[in-house]
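Please keep the model in view while going through the numbered points.

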Amino acid sequence: GIGLPRTTLEEYWQKPEELAHYARATVDILFKFPFGTQELEGIAARSDFDLSQHERFSGKPMGVFDDDLRAAWGKLDDARKADLSKRYYEARLKYLTKMGVEPAKAETEAKEDAEGLGKGQYIPHVIEPSAGVDRLILALICHAYHEDQMPDEKGKLETRVLLRFHPRVAPIKVGVLPLLRNKPDLVKVAREVRDQLRPHMNVFYDDAGAIGRRYRRQDEAGTPFCVTVDFETLEGVKEGALAGQKDTVTVRYRDDGRQERVAVGQLLDWLLPKIR
């Protein structure tokens, strides 16, 4: 959802001897960094340890009643009921014994808990995902970093550095660029476009230097789209489906340099679905 494809990730299921004392299972989500595969997130199945501990030390019941569970239980065959009751009894007995409850009392309580399962009563389990924000950002940057070849203003190939962020996480969503900063009419429209978009997304206005250099700056920042106000905006499109139409802008795609024209009045609706 944020641009890290499945091919960049691995799952590591912790071995029994690696598990924390409260965990029945833990899966680590790993990312293939350039410097080695390392953990992004750990997801632990903590069973009912947390709420059982609360119940034990506070003296307040932490169980819940689930009518859907009770209804589903009634539809199971006897073998399935016996299997689930046995497993639940063993899990509760293991917890109670581990917590130091006297054996006879632990067996009684575990049996009562197992019988309550069929009545829709149980202590909820906790699933704990734990992710590091800084390492996730580093993973996004590592995956987004690319170098390719793209022609400059004179058509000569040069190395381009870009960050191919998913638009959803790109810090800047759109760069707005007047083709020339010394043409008041172009600047006026560019500023209007900037002000139209700013309430809805992070926009960077740039009028310094040649248009190609400005594109490169936005590529390096990971900006997915650049909107250029040019002379066809004022005079009308010369050819294509929008021929003769004024008040259009050139939208440039970061990843491949592809360009298309979009009417200013439709620009916001065109951009919003692409950055969410």
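**Notes on a strand residue and a sheet**

1. Phe65 belongs to strand β4, residues 64-65; helices (H or I, at least four residues) and strands (E, at least two) are DSSP runs, numbered from the N terminus. The model is predicted: local features need pLDDT of at least 70 and side-chain atom pairs count only at pLDDT 80 or more, while totals for chains, interfaces and linings use all residues. Residues are numbered from 1 along each chain as its sequence is written, and side-chain values use heavy atoms, with hydrogens and water left out.

2. Phe65 counts as partly exposed because its relative accessibility is 48% (buried is under 20% relative accessible area, exposed over 50%, partly exposed in between; 1.4 Å probe, protein chains only). Leaving aside residues up to four places away in sequence, Phe65 touches Arg70, Lys119, Gly120 and Gln121 (contact: heavy atoms within 4.5 Å).

3. Four strands form an open sheet in the order β1-β2-β3-β6, with antiparallel pairing (two strands pair if DSSP finds at least two bridges between them). Its edge strands, β1 (9-13) and β6 (127-131), each pair on one side only. Neighbouring strands of this sheet are turned by 25° against each other on average, direction ignored.

4. Strands β2 (residues 25-33) and β3 (residues 36-45) are joined by nine bridges in the antiparallel sense. Ala25 has Ala45 in β3 as its bridge partner.

5. Helix α5 (residues 133-144) lies across β2, β3 and β6, and runs at about 40° to β2 (axes are lines fitted to C-alpha atoms, for helices over the stretch in contact, and angles run from 0 to 180 degrees between N-to-C directions).
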